[in-house]
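Here is a short briefing on a two-chain model. Begin with the sequence and the structure.

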Amino acid sequence: MVLDIDKCIAQLYNGELLAESQVQSLCLQVRPILANESNVVPLSAPVTVVGDVHGQYHDVLEIFAIGGQCPDTNYLFLGDYVDRGNHSVETISLLCCLKLRYPQRIHLLRGNHESRNITKTYGFYTECTTKYGGSAVVWREFTDLFDYLALAVVIEDSVFCVHGGLSPSVSHIDQLRVLDRFGEIPHEGPLADILWSDPDPDIQGFGRSQRGAGYTFGAQVVDRFLHNNGMSHILRAHQLCMDGFLVQFNDRLSTVWSAPNYCYRCGNIASVLQVDPYLKRDFITFTAAPTSPHKPAPLQSTDPSSYFI
Amino acid sequence: MSAIVEKIESEHTGGVRLNGWEITSCHMPILNNTSIEEYEKELDFNVPEMIFGNNYLRIHHLTSGHTLELQALDALKMVDTSPQSAKSVQVSIAQGWSESSKRNRSDITDVIKPFDWTLSTKYRGTSTGSLAFEPSQTGIDYAKLMVREEIHFYDENVLYEDDLGDNGISQLSYKVRVMPSGFFVLQRFFMRVDGVIFRIYDTRVHHEFGSNRIVREFSTRECAFEDVRRHMPKKKHDDEDLSLLNNISFVDGVMKDPKIECEVAYV
């Protein structure tokens with residue numbers, strides 16, 4: 001079908017879902033745009049970097065309100081568009097529409113939630129089937145599209161951006177460039193690592209996670225990676241920050257978190273990071289949009305559920 | 001026995017005062033970075049991602065000064081930090097990881113400070129004053145609790161929650177109800193590691209106004225992931241949706257055979 005992309009964007013801004021056929025057409029057209037991007041996409045500044053949004057659609061609209069509408073502002077999203085929040089469908093639909101409409105003005109990286117298995121447990125699958133009359137087509141379209149998302153970005157050859165962090169298998173960015181990324185996130189290996197790993201200020205090198213899978217990485221790894229690749233800073237997301245962001249390792253690594261009042265009850269602030277043409281970094285913090293759902297009102301004492309045992 | 005019920009209400013705290021007891025429940029946002037650093041120094045492991053360190057349930061007996069409190073820090077102090085604590089539960093893909101990582105890499109360090117990363121805790125509450133619980137043969141009188149009566153105060157609240165690095169959930173929360181006949185509390189520790197295990201530890205506390213006893217029951221249940229999953233209702237053409245496993249009520253209904261310890265304290 002011929003997709004009227006401006007109409008789709010207006011529909012979504014109006015709080016209206018795309019039809020299943022529109023989603024199919026959208027994904028079909030976005031796929032080659034994503035596929036043509038390399039694993040590591042070079043970007044120029046200025047650009048505004050956004051961390052996890054997890055289906056908090058009203059807060060995504062708030063990001064565009066405070067950071068500037070796309071395409072007036074260049075945006076880089078670091079992944080985790082779906083799951084946990086109540087509006088993953090609207091969120092990923094809008095971001096894909098904007099990518100189709102303004103492919104050079106918005107860039108979308110893959111997060112660890114852009115994956116089939118995890119979305120079956122953490123909300124996206126349920127939301128899709130609920131909103132589309134029991135059909136899983138929309139879920140399948142988007143999760144197939146996720147296989148094409150780029151893995152990392154480098155801003156002005158200097159700032160390395162990725163969803164999770166570093167990998168013991170990747171000391172040079174060229175090692176990321178040669179990976180075949182077009183498929184489901186594997187359980188292990190460099191592609192899994194960069195979407196799942198976390199910094200740990202208490203160690204120097206890489207550490208094995210207590211959980212039996214996954215890595216953490218320390219100061220020496222960060223310094224060595226930046227030095228080997230001639231870069232100045234690492235930007236990542238993946239971990240909740242009460243204050244919206246966290247800067248570590250002597251200002252060599254930042255975490256940006258963009259879902260305010262996470263899960264509608266944490267009460268945390270969120271942020272986006274503005275990188276200016278001189279690579280100066282500014283965190284703009286914000287609270288939940290007034291239109292964002294709040295924690296449900298506590299049960300009244302007359303509610304039968306309050307007679308718990 | 002006084003029938004006067006005073007409601008307590010402030011910005012973050014709600015509760016009730018009656019029959020010589022004050023029961024308050026406090027809701028605050030998660031801790032800020034400074035407080036997190038203080039907690040982590042004391043615990044020597046990373047706090048849960050959502051740490052509601054300033055939330056509490058406080059049950060205070062006015063004349064004796066005895067208090068029973070539910071709060072996150074004391075619960076986290078009971079998380080296992082022994083040498084084998086990290087390995088007692090591992091994620092579903094751990095087997096494959098350990099085999100491939102054996103081939104590798106002397107520059108990757110093993111776990112330095114082990115702790116039970118599932119944040120499992122057998123915390124039953126913090127007693128102050130000289131409120132002391134001792135083992136008892138008799139448990140809670142559920143028949144009395146099933147009588148429908150007015151509820152002066154009801155609340156539910158989370159003390160901490162963590163998604164175990166997107167591998168499941170670990171949550172400590174409580175519910176409280178205060179009736180003309182007494183009060184009843186359920187504190188629940190709920191844990192799931194995807195593909196591996198479910199665990200529920202419940203602490204129930206009941207006091208009847210006019211009696212001098214507080215009865216506490218601590219129950220533990222543990223179950224393999226598949227044993228819960230196979231109880232999921234079969235939807236036609238759709239066995240892909242696992243989100244029901246996030247529903248604590250559903251899982252609670254499926255997991256049977258708790259081990260229960262009964263205790264009593266006197267005011």
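Two strands pair if DSSP finds at least two bridges between them. Strands (E, at least two residues) and helices (H or I, at least four) are DSSP runs, numbered from the N terminus. This is a predicted model, in which local features need pLDDT of at least 70 and side-chain atom pairs count only at pLDDT 80 or more, while totals for chains, interfaces and linings use all residues. Residues are numbered from 1 along each chain as its sequence is written, chains are lettered from A in the order in which they are written, and side-chain values use heavy atoms, with hydrogens and water left out.

**Strand pairing between the chains**
- Strand E8 of chain A (residues 206–208) runs parallel to E7(B), and two bridges join them.
- A:Phe206 has B:Ile108 as its bridge partner in E7(B).

**Extent of the interface**
- Chain B puts 60 residues in contact (heavy atoms within 4.5 Å) with 49 residues of chain A.
- The two chains bury about 4,800 Å² between them, 53% of it on carbon and sulfur atoms.
- Buried area here is the accessible area (1.4 Å probe) that two parts lose on being put together, summed over both.
- B:Trp97, B:Ile108 and B:Asp166 supply 16% of the area that chain B buries against chain A, more than any other three residues.

- Three salt bridges are counted between chain B and chain A; each is a side-chain nitrogen of Lys or Arg within 4 Å of a carboxyl oxygen of Asp or Glu.
- B:Asp163 forms a salt bridge with A:Arg84, with the closest N and O atoms 3.0 Å apart.

**Make-up of the chain B side**
- Elements giving two or more residues to the side that touches chain A include helix H3 (94–102), strand E10 (153–162) and strand E12 (182–193) of chain B.
- H3(B) gives the largest share, five residues.

**The open sheet of chain A**
- Five strands form an open sheet in the order E4-E3-E2-E13-E14 (chain A), with mixed pairing.
- Strand E4 (106–108) and strand E14 (281–286) of chain A each have a single partner strand, so one side of each is left without a neighbour in the sheet.
- Strand E2 (residues 47–50) and strand E3 (residues 75–77) of chain A run parallel, joined by three bridges.
- A:Val50 has A:Phe77 as its bridge partner in E3(A).
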